[in-house]
Each structure stands twice: as C-alpha cells, then as structure tokens.
Amino acid sequence: VAITTRLLVSHLSGIRHYEKDITKVKEEKEKANRAFKLTKPYQDKEQKEKEGKGIEKTDSVKLRKEHEGEVKSRNSKPGRRDKEFEQEEYYLKEKFESVIESLKIFKNDPLFFKPGDQFLYSTYGFTLLSAVVERVSGQKFTDYMMKMFRDLDMLSTVLDDNEAMIYNRARCYVYNKKGRLVNAPYVDNSYKWAGGGFLSSVGDLLKFGNALLYSYQAGHFKNTNGKLLPGYLKPDTVAMMWTPVPKTEVSWDRDGQYAMAWAVVEKKQQYGCCRQQRHYASHTGGAVGASSVLLILPEELDSEAIDTGLVAPPRGVIVSIICNMQSVSLNSTALKIAREFDKEKWAQ
C-alpha cells in the first residue's frame, strides 16, 4: 500500500490511534453510528414540524427527549471519564530525542484498513507527518515549528517540555474515579509533538486563526493598490485545507467532515426561513488534564465590499478556548459564541 501526506493529514491512512485492538475500534464506531441513526429520524421530524407540516409528536419522540436529558445529565456529572483517556499510551513517560525515534511505538503495528478506504482519527498519523516534515526540511521538527511560531508572532507557544521553566504554565486537572478533582498525572509528550505536544495561550491561538483567515481571504481582494500584504499561506492552500475530504467524519459536529487537519462545516440551507448552516472550520484538542478549541467563522463578504476595497481581511469571528481540565467538550460552546458575535456585527 501507499500512504501519502494527504491521507495522513485527513486521517485516512489506516494508522492506529491509541487503541491497539481493531475490534474495539469497530465496536465503538458501530455504537456511534447506531446512536446517530436512531436520533436522525426524530431530528428530521422536528425539522418538518418547524416547516408547518404538523407532524404529531409520538411517544418515541418523548422517550428520545427523555433519553437525551439523561445523557446530558450524566455527561455533566463531575468525574465523567472519557474512554479514550483509559488508553495506556496517553500516559507515556519516556523521553524521545527525535520524532523519528518515536515512530518505534507504532511502526511495526498492522494498518487497521487499506489507506484511503476509511476514516480513523490518529495522533500517530501526525507523528509520522512530523517525521516527513523533519526529513524534507532537513531540520528537527521542533526547531522547524518554533521558527514558524516566531514568524506568526506566537511568542507564548512552546514545547510542552517538563524540564523547562515556562512562565505562567498552568496546572492541569482531572477528575478521579470518585469524582474528585486531582492534579493530572505526569506525562512526557515528546512522542507526539505534532499531535498534542505544544503549550500555547488564547492570544497566540487567535493570532494563528487570524493568519489563516487573512490568508484565506486575501486573494479575494483585488483593488487594494498593492497595499495588502500577502498572507502567510496562499489562498488556494487554505481553501484546500478547508475543503471536506470524502469518507471522513467529525465526532464533535455531525454536520461536518474532516478536511486537512481541520473539521469543516460547509454553507448550506435546504429550506427558506429555516436552519442555516454557516461555513466554519474548527479543531478541538484533548490532552491529559487539558481541553481546547480553535474555531474560525469567516465573514460572508459581498462582491461590492471586495471590489471597492472598503474592507480588508481578516473578516470574521475567531474563538479560542483553553481549559486546564480533561475531557471538556468545547466546540459547541465556541460555535455559539462565534454566532453571537456574528449576529451582533450584522445588527449594527
């Protein structure tokens, strides 16, 4: 088989995640798909009700709503444990001197499927991707990234190195089995720099989001008399990164698909005066004792504004949330915040 960088960045490579047992992975996927199939018909019925078709709510709808309430209640309890964090490899303490060396963790494991056939989120896929960057650039991956962060003015973004003295480094927390708040255990993230090994700040993530949004929109503005600096990336590159890839899926938003290292929801509206689906790109982060999200909601620019040069990029809303608590779902919160700011702007 052949594994390309595009397959790696879209999690279609077949390389495993933290779970080594493919049977368990399939079982979890089937459970998630069954749950989605059970709720989707009721969501469709509710949509039709809103359209004035007057479908009567059945007992099964009521039962489903009661079940959703129980799930929400259960998930809001202190001590909720994410099954993924039960994997031993989350808690590795071995220090790896290079990303090439860290490949030994999974390099002899079988692929879970033929590359390109299925989607499976894989942190180790990004470890392999970082090894590619290291070989192509001729630099250590960490050095390469630190130079990039300097270019982006992300001066608070550093390696999550346990030995280094890092100013304002936050303590991280988890709930134990008894539902009590405790300090997160010691781990060494040198085996996954690319997939979860950097420390950052809300401000730096906003700079990163602005740089991407600027790059994405800069190509649309023509009449700027040469006053507009180029983006850090080419507009076509960001557009490609934010284009959904077939066969992918997103666990935190069923409307979305995975693109290239980003989850993307495309603009869509099926019925007049009904639910609108806005285009946005986001990515959540989960580590031992921490959770995060970066969400970018580009402004829908009209041709007049672009042609006359009355506005300049970046235009839109960027939401960054970092939480020093494990297993906190943040994407829906970030999306609600982005939509509120977006509504406020258009109301002015």
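**Notes on the strands and aromatic pairs**

1. Strand 8, covering residues 290–298, is mostly covered, with 8 of its 9 residues buried. Keep in mind as you read on that this is a predicted model.

2. Strand 8 has partners to look at. Strand 7 (residues 280–287) runs antiparallel to strand 8, and 7 bridges join the two. Strand 9 (residues 316–323) also pairs with strand 8 in the antiparallel sense, over 8 bridges.

3. Ser292 in strand 8 is the bridge partner of Gly285, and in strand 9 the bridge partner of Ser292 is Ile322.

4. Now for the rings. The count comes to 10 aromatic pairs. One of them is Tyr121 with Tyr258, an edge-to-face pair at 6.1 Å centre to centre with 85° between the planes. This pair links distant parts of the chain, 137 residues apart: Tyr121 sits in the loop between helix 4 (99–102) and helix 5 (123–137), while Tyr258 belongs to strand 5 (residues 257–258).

5. How exposed or buried is each of these two tyrosines? Tyr121 has a relative accessible area of 29%, so it counts as partly exposed. Tyr258 comes out at 1% relative accessibility, so it counts as buried, the cut-off for that being under 20%.

6. Phe149 and Phe198 make another edge-to-face pair, with 5.2 Å centre to centre and 85° between the planes. Because Phe149 lies in helix 6 (residues 141–151) and Phe198 in strand 4 (residues 198–199), the pair ties together parts that are 49 residues apart in sequence. Phe149 is buried, at 7% relative accessible area, whereas Phe198 is partly exposed at 24%.

7. There is also a ring cluster to pick out on screen. Ring pairs link Tyr18, Tyr90, Tyr91, Phe106, Tyr124 and Tyr191 into this cluster.

8. Last, the surface. Val1, Ile3 and Leu111 make a nonpolar surface patch of about 270 Å². Leu111 is in the loop between helix 4 and helix 5, the loop that also holds Tyr121. With 35% relative accessibility, Leu111 counts as partly exposed.

Conventions: Residues numbered from 1 in each chain as written. Predicted model: local features only at pLDDT ≥ 70, side-chain atom pairs only at ≥ 80, totals over all residues. Heavy atoms only, no water. Phe/Tyr/Trp six-rings, centres within 6.5 Å; stacked < 30°, edge-to-face > 60°. Helix = DSSP H or I, 4+ residues; strand = E, 2+ residues; numbered from the N terminus. Buried < 20%, exposed > 50% of the residue type's maximum accessible area, 1.4 Å probe, protein only. Patch = residues over 30% accessible without salt bridge, like charges linked within 9 Å, V, L, I, M, F, W, Y side chains within 5 Å. Areas by Shrake-Rupley, 256 points an atom, 1.4 Å probe, with all protein chains shown as cover. Salt bridge = Lys/Arg side-chain N within 4 Å of Asp/Glu carboxyl O. Pairing = 2+ DSSP bridges.
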